[in-house]
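Trainee: Hi! Could you walk me through this one? I'd like to start with the aromatic residues.
Mentor: Happy to. Let's bring it up.

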Amino acid sequence: LSGMDTLNMDIIINTDLDVAPENTNIIPTHGNFYHNLLSCLGYSNESPPVADLLRRYHHLEGEWMVASPIHWQATHNDAMIIASGNSLELSDEESRRWFGAFEEFIAPENMSLYYHDAHTWLLQTKSSKPEITAKPVHTLYHQSMMPELKLLDKTFFWQRFFTENQMFFSAHPLNNERTGLYPINGVWIWGRGTLDVNVSTPLAC
């Protein structure tokens, strides 16, 4: 993803570019098209309401969060996210198979999923669950996850949920088909919040 500022207009390119177009000034990217868009609208980089943006796009009701498939690695006293998004090389067909498996797994928790794209699923809790405090997945690559896991919620519900998901995904036979690719061994939940745009700015996407 590249962000460019020209003629006082924010331009967001929803792709990976190896070479930037000539005569462009590159501004810092937030690693995700929707995060870049919300940043242009003045939202915090720590907690952009990506899920609410996508909820409105799909005309869904209620509060949703983003569930991002990930590959993470654990050591004896720490863990870090290594890959998500395009680096997982998930096709739409494979992602939908993972999506269906995860949907069945979380049904007893009274949760539901909605498919946006291969790397972006939406999750809704249908019963009371603790609020989660989680940074965007693409801001956490190759960093210690222990501080982030501790901050998720004070009841440790989401910490347990993350661990249970890790065990489910790690043992799933769909990973046997990912020869030479990162195994899918978890999801990171993030992107909650309310979209309440009260600014006007020219954007080209």
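Trainee: Is tryptophan 121 buried or exposed?
Mentor: In this predicted model, tryptophan 121 is buried, with a relative accessible area of 0%. Phenylalanine 102 is buried too, also at 0%.

Trainee: How many aromatic pairs are there?
Mentor: The count comes to 13. In one of them, the rings of phenylalanine 102 and tryptophan 121 have centres 6.1 Å apart and planes at 35°, so that pair is tilted.

Trainee: Which parts does that pair tie together?
Mentor: Phenylalanine 102 sits in helix α3 and tryptophan 121 in strand β7, so the pair links parts 19 residues apart in sequence.

Trainee: And what about phenylalanine 162 and tryptophan 188?
Mentor: They form an edge-to-face pair, 5.7 Å centre to centre with 80° between the planes. Phenylalanine 162 is in helix α5 and tryptophan 188 in strand β8, so parts 26 residues apart in sequence are tied together. Both residues are buried.

Trainee: Which residues touch the most other members of the largest nonpolar core?
Mentor: Of its 55 residues, those are Phe102, Trp121, Leu123, Trp158, Trp188 and Ile189. Helix α5 gives the most to this core, with six residues.

Trainee: New topic: what lines the second largest pocket?
Mentor: The lining includes Glu63, Trp64, Met65, Lys129 and Trp158. By class, there are five nonpolar, two polar and four charged residues. The pocket holds about 210 Å³ of space.

Trainee: What does leucine 123 touch?
Mentor: Among its contacts are Glu63, Trp64, Met65 and Trp158, and those four also line the second largest pocket.

Note on methods: Residues numbered from 1 in each chain as written. Predicted model: local features only at pLDDT ≥ 70, side-chain atom pairs only at ≥ 80, totals over all residues. Heavy atoms only, no water. 1 Å grid on protein atoms, 1.4 Å probe; cavity = no way out; pocket = protein on both sides within 12 Å on 5 of 7 lines; lining within 4 Å. Points joined across faces, edges and corners; volume = space filled by probe spheres on them. Nonpolar A, V, L, I, M, F, W, Y, C, P; charged D, E, K, R; others polar. Core = buried A, V, L, I, M, F, W, Y, C linked by side-chain atoms within 4.5 Å. Buried < 20%, exposed > 50% of the residue type's maximum accessible area, 1.4 Å probe, protein only. Helix = DSSP H or I, 4+ residues; strand = E, 2+ residues; numbered from the N terminus. Contact = heavy atoms within 4.5 Å. Phe/Tyr/Trp six-rings, centres within 6.5 Å; stacked < 30°, edge-to-face > 60°. Lists of a residue's contacts leave out its neighbours within four places in sequence.
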